[in-house]
Each structure stands twice: as C-alpha cells, then as structure tokens.
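Thanks for making the time this morning.

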Amino acid sequence: MTSSFPRLLFCCLLGTSLSAQAVAVPDDSVQQISVRALRNPVTLPYAPFYAAAAAFEQQHWHAPQARLRFQVTLTHAGVDAKDKTLRLIGDTIDIAIPFDANGEFELPISAPALSDRAVLELNRKAGPTKVGFSVNDPGEPGWTMGKARLMCQVLHAYLQSDMLFAAMHETGARCASFDYRVGVNTGSVVLQDGSRRAELRASAAIVTFPTGDQSWPDQTRLTFLDTSGVPAVTQ
C-alpha cells in the first residue's frame, strides 16, 4: 500500500475491459474535445459506483469525518498519464468529474444518472483496468476499526450492485469479518482500545479484521507491523 489511509484496489472486467487514472484536469473545452474524439474510450457503468457511494453515506457514522475517493487505473503498458479527463455521461447527463492531485475523484449520488444508465467515460482507449477507492480522514490519517467497517460496506455494495442492487442494505451481515490484503512485508496488525490489545497475524498477505465484533468500538486503533514487529511507516 502507498498511503496511511485505508485503500482498496480490485480488478474489474466489464465488456471489453476498462482503464483510467489521472493527474491533471484541463479546462472544460479540452475535456469535451478529447473525450468526444477518442474511439472506443474507457467506459465504466455508474451503477456500482452509485451503490458504493450510497453505502458510504448510509454507514458514514462508523467514521464521520472520513471521505470516499475513487480511483480508476490503467494497467496496460505505454499509457500516457497526462491530461486525463473523466465525465459522467448518459442520455440526458454530461458532467465533468475532476481529479484531485492524487488522481482520485469523488462522485455524486445521482438518482437521475442511475435511471439514465450513465457511464463514466475516460479519454483513454479501453484496456485492462483496476478500480479502487480510499476511505480517509485528513485530520486522522491512521487506521481505525470504523474505517475498516466502512471500507467493507463500500466494497460489498460495489460488488453486489450488478447482481442484486436492492440487496445493498444487507451488506452488514456480510461484514462479520473483512479480509484485507496487505503488503508482503506486513507481519501483523495490532488492535488497541485503551488497555485492551490484540494482534492479528497476516497469512498469505491477508489480515482478517473482526469488523462484526462490536466489542471493538469504531475508535479502535489499528497499527500495521512489519515482519520484525516494527510499526510500518506506510500501509
């Protein structure tokens, strides 16, 4: 992982596969030209993003100051990272979506866009893609159990939306635990709530957070340790 903020990446295969990531936001006129001129651009259905953003709002109380950011990353070779733009497009909707300095973006929760079967369109030719998101709080950059619970809810909502969008409200039962992939140098994660402490060992680069165990409050601190037991600088 490259940040102290909770972050999750997962692969998507939709149609002819997908692509994206961005570092700059040109003016709107350039966005219009570059998007419209490209044949076979990256397109991603809006519905899974809507489901994830809606779940975030519904479960936001786990980490009230946290913010949700999405990321779409091109994984094939030879991709130019300059001047990428993103739009939310449907039959009656065309909205520019700005990237922040980290190449991440926020999305509106828009029922009209959902009804319109809108898509996110990137001004790059379609190719293999990773879609990810981060749940972070600039005022509290570390991990907490509340953020882990929020991440779990967002992930399940995103993945379930294509199969059964109406089942979003059931995601809580599916977050009794949360398997999180960590870096290869991570040995364990320590849970700390006051004087209570527990250590979760990583297995095959996976740590399973007990997100369904309410005896660990949302404020529980999660500290990542490397294989020698030293707190990790980044995670």
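I will begin with confidence, then turn to a helix and the sheet beside it, the core, and a few single residues.

This is a predicted model, in which local features need pLDDT of at least 70 and side-chain atom pairs count only at pLDDT 80 or more, while totals for chains, interfaces and linings use all residues. Residues are numbered from 1 along each chain as its sequence is written, and side-chain values use heavy atoms, with hydrogens and water left out.

The pLDDT, which is the predictor's confidence in each residue on a scale from 0 to 100, averages 79 over the chain, and 74% of the residues score at least 70. Confidence is lowest in helix α1 (residues 28–37), with a mean of 38, and highest in strand β11 (residues 196–201), at 96; helices (H or I, at least four residues) and strands (E, at least two) are DSSP runs, numbered from the N terminus. Over residues 10–37 the pLDDT is below 50, although this stretch has 82 contacts in the model beyond near neighbours in sequence, a contact being heavy atoms within 4.5 Å. Residues 164–169 are also below 50, with eleven such contacts. Where pLDDT is low, the predicted coordinates should not be read in detail.

Let me turn to helix α2 (residues 46–58). At 1.5 Å a residue its 13 residues should span 18 Å, and its end C-alpha atoms are 18 Å apart, which agrees; the expected span is 1.5 Å times one less than the number of residues. Ten of the 13 residues are buried, so α2 is largely enclosed by the rest of the structure, where buried means under 20% relative accessible area, exposed over 50%, and partly exposed in between, with a 1.4 Å probe and protein chains only. Among the buried residues are Y46, P48, F49 and Y50.

This helix lies across β2, β4 and β6, running at about 50° to β2; axes are lines fitted to C-alpha atoms, for helices over the stretch in contact, and angles run from 0 to 180 degrees between N-to-C directions. Those strands belong to an open sheet of four, in the order β2-β6-β4-β5 with antiparallel pairing, and two strands pair if DSSP finds at least two bridges between them. β2 (41–45) and β5 (94–97) stand at the edges with a single partner strand each, so one side of each is left without a neighbour in the sheet. Four bridges join β4 (residues 86–89) to β6 (residues 119–125), and L86 has L122 as its bridge partner in β6.

Which residues have the most contacts inside the largest nonpolar core? They are F49, F105, L120 and F209, in a core of 49 residues; such a core is a set of buried Ala, Val, Leu, Ile, Met, Phe, Trp, Tyr and Cys residues joined through side-chain atoms within 4.5 Å. Helix α4 (residues 145–164) supplies the largest share of this core, eight residues. A157, which is placed in α4, is buried with a relative accessible area of 0%, and its C-alpha atom is separated by 5.1 Å from that of A52, 105 residues apart along the chain.

Finally, T220 sits in the loop between β12 (206–209) and β13 (221–226). At 0% relative accessibility T220 counts as buried, and, leaving out residues up to four places away in sequence, T220 touches W143, T144, M145, L191, Q192 and D193.
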